[in-house]
Amino acid sequence: MKKVVLIEDDPKLCKALTLRLKHMNFDVVSVGDAVSAMDASLKQQPILILLDINLPGGNGFVVAERLRAHDATKLIPIVFITASSKPEFAERASSIPRSAFLQKPFDANQLMDCMDACMAA
Amino acid sequence: MCSYSESVSVSVKKYCFQPIRIYIQLVKPVLTMQTALNETNDLPCAANKPMQLLFVDDDSDYLDLISRQMSRRYGLSYQSDRANSICQAVKLCVTNTYDCVVVDYHLPDGYGTDIVDRLNENDALDSMSRLSLPPIIVVSGDGGEQAATQAIRAGAVDFIAKRDITGAAMQRAIQHAVDKSRLTVSLEKRNEELESKRREVLEFYHTLSHEVKTPLASAREFVALVRDGAAGDVTEDQNELLGLAIDSCDQIRQHFMDLLEITRFDSQKFKLNKESQPLEHIIKRSMSGVAELARERNIELTTIGYGSQLHVWCDPQRIVQVLSNLLSNAIKFTLPGGWVRLDTQVHREAIVFEVSDNGCGIRRSDQAAIFNRLYQVEQNDGQLDDSGLGLGLNITRDILAHHGAELTLSSEWGVGSSFRFSLPIYQS
């Protein structure tokens with residue numbers, strides 16, 4: 001099964017998204033902070049990373065920049081997810097190569113479309 | 001027996017000096033009383049402290065003259081200091097608070113208006129003090145329009161030629177300068193407070209939105225998972241009820257989006273990303289977004305277009321938002337079996353978009369107010385339409401205004417409505 005790393009600190013949303021991704025036939029590894037995010041991504045080598053922007057221990061953009069700076073993870077597509085409506089978040093996300101941006105709450109179709117577009121890019 | 005000279009002397013004393021002495025003795029109290037009255041008018045009452053003034057001129061004779069002229073009271077109560085250079089004036093301004101500074105244009109160490117720059121650069125002053133620097137009145141022996149223009153451009157609030165200075169004119173100029181300065185400072189402080197409040201409100205909405213949207217996302221997703229069979233099969237009735245729960249979640253999300261849009265408009269943080277966009281794409285996206293709603297309500301949804309080769313210069317996401325809002329409103333206010341239509345026509349170098357319906361129409365009394373925030377019209381059954389916050393048309397109008405377009409309405413109660421706007425055709 002294709003593997004996805006989910007980085008989301010809210011436990012309920014993490015559980016909901018894990019169930020959704022499993023329902024979509026993905027294997028899911030989830031972590032809840034910026035520090036564990038890098039380790040999990042390096043170890044699991046997923047086909048895609050779902051990354052919350054507001055995380056304990058750092059923000060999602062810092063994690064993304066570290067992922068892009070590492071040879072082992074620089075090509076893994078990243079979908080940023082956030083509840084924030086600040087336009088600067090979308091702008092910053094667009095500056096990260098091979099990434100997409102999704103605002104919470106989203107439905108399963110939106111998630112799937114976003115993941116497909118990101119992986120195809 | 002006295003001599004002639006002694007006689008003359010006695011006569012002079014009696015008939016000349018005596019009357020003069022009497023006159024002086026009579027008039028003196030009157031003068032004293034008058035002076036006392038004049039000074040009483042100038043006595044500061046508890047609410048009116050004397051103004052603190054600074055006179056700056058390297059000509060000390062001129063400063064003495066000013067002092068004598070100002071000593072005649074024309075209603076201005078003040079205390080003053082003197083300086084004879086910019087350097088000395090700046091030192092005094094740092095350690096004292098002045099209501100006004102009257103300064104000669106030509107000083108040994110620079111132009112009189114240089115005081116403002118020197119004070120702004122002075123580390124001893126904090127930002128609040130810089131905000132309330134005293135107004136500067138420039139006086140100059142040069143006189144003339146050129147000197148006046150230079151002084152005003154350099155930051156002075158008034159200019160007086162030395163030859164025109166009288167005590168009354170000086171006091172009037174000082175009073176006006178101080179009044180104007182106080183009003184300006186008060187206005188700037190008020191603007192800063194309002195700006196700060198605006199930032200606070202925007203931050204509050206962002207925080208509130210963020211804190212609500214994450215649990216909302218969880219709730220929506222759990223309901224959707226059950227509806228989609230992730231936790232086992234669901235019956236048709238269960239599917240319907242779960243669908244309604246999801247719709248409610250989407251409604252809450254839309255309300256927060258609308259609130260944030262409004263705060264962005266208010267704080268002037270709203271930005272458009274304009275580009276050339278095929279008209280066909282805009283129409284397709286707008287229509288597909290409301291197709292399901294039209295089907296559910298049994299409304300015939302059609303579009304009549306001019307041609308698919310045209311491009312429009314706009315922010316496509318925002319124009320789709322506008323059309324979706326107008327179309328969904330039209331569907332909401334049209335009875336089942338009715339129709340809603342999106343027309344596009346070319347008129348000169350623009351494309352005219354028109355969303356029309358054969359719904360209930362809008363009463364004349366509501367037509368101006370429907371674009372106001374939080375305004376909700378009555379539906380057919382007399383109930384207020386409470387499915388939204390009443391922000392949709394206001395946001396729609398603001399988006400179009402940012403495009404330089406006007407949204408117009410024609411409607412007749414019981415017949416239907418038509419909303420119209422136009423956007424420029426993109427000519428490559």
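Student: In β2(A), which residue is the bridge partner of K3(A)?

Tutor: The bridge partner of K3(A) in β2(A) is D27(A). As a general idea, strands of a sheet pair through backbone hydrogen bonds, either parallel or antiparallel. Two strands are taken to pair if DSSP finds at least two bridges between them. Strands (E, at least two residues) and helices (H or I, at least four) are DSSP runs, numbered from the N terminus. In this case, β1 (residues 2-7) of chain A runs parallel to β2(A), and six bridges join them.

Student: On what conventions does this reading rest?

Tutor: This is a predicted model, in which local features need pLDDT of at least 70 and side-chain atom pairs count only at pLDDT 80 or more, while totals for chains, interfaces and linings use all residues. Residues are numbered from 1 along each chain as its sequence is written, chains are lettered from A and ligands numbered from 1 in the order in which they are written, and side-chain values use heavy atoms, leaving out hydrogens and water.

Student: What is the mean pLDDT of chain B?

Tutor: The pLDDT is the predictor's confidence in each residue, from 0 to 100. For chain B the mean is 80, and 79% of the residues reach 70 or more. Where pLDDT is low, the predicted coordinates should not be read in detail. Chain A averages 91, with 100% of its residues scoring at least 70. The model as a whole scores ipTM 0.87 and pTM 0.57.

Student: In what order do the strands of the open sheet in chain A stand?

Tutor: The order is β2-β1-β3-β6-β7 (chain A), five strands with parallel pairing. β2 and β7 of chain A stand at the edges with a single partner strand each, so one side of each has no neighbour in the sheet. From one strand to the next, the twist averages 20°. Helix α1 (residues 11-23) of chain A packs on this sheet, where it touches β1, β2, β3 (48-52) and β6 (78-82) of chain A, and its direction makes about 165° with that of β2(A). Such angles run from 0 to 180 degrees between N-to-C directions, with axes fitted to C-alpha atoms, for helices over the stretch in contact.

Student: Which strands of the open sheet in chain B stand at the edges?

Tutor: That sheet has five strands in the order β9-β11-β12-β14-β13 (chain B), and its pairing is mixed. β9 (300-304) and β13 (408-412) of chain B are at the edges, each with a single partner strand, so one side of each lacks a neighbour in the sheet. Within the sheet, β12 (residues 350-357) and β14 (residues 416-424) of chain B pair in the antiparallel sense over eight bridges. There, V355(B) stands opposite F419(B) in β14(B).

Student: How is a pair of packed helices to be read?

Tutor: Two packed helices are described by the angle between their axes and the distance between the axes. The axes of α8 (residues 236-266) and α12 (residues 392-402) of chain B come within 10 Å and cross at roughly 40°. α8(B) and α12(B) are therefore oblique to each other; angles under 35 degrees count as roughly parallel, over 145 as roughly antiparallel, 65 to 115 as roughly perpendicular and the rest as oblique.

Student: Is the crossing of α8(B) and α12(B) left-handed or right-handed?

Tutor: α8(B) passes α12(B) in a left-handed crossing. A crossing is left-handed if the near helix is turned anticlockwise from the far one by less than a right angle, and right-handed if clockwise. In contact (heavy atoms within 4.5 Å), D258(B), E261(B), I262(B) and F265(B) of α8(B) meet N394(B), I395(B), D398(B), I399(B) and H402(B) of α12(B). By class, this contact of α8(B) with α12(B) has four nonpolar, two polar and three charged residues. Ala, Val, Leu, Ile, Met, Phe, Trp, Tyr, Cys and Pro count as nonpolar, Asp, Glu, Lys and Arg as charged, and the others, Gly among them, as polar.

Student: Where does the backbone of chain A call for attention?

Tutor: Most residues other than glycine have a negative phi, and most peptide bonds are trans. R98(A), in the loop between α4 (87-94) and β7 of chain A, has a positive phi near 55°. The peptide bond from K104(A) to P105(A) is cis, with omega near -10°. P105(A) is placed in the loop between β7 (99-103) and α5 (108-120) of chain A.
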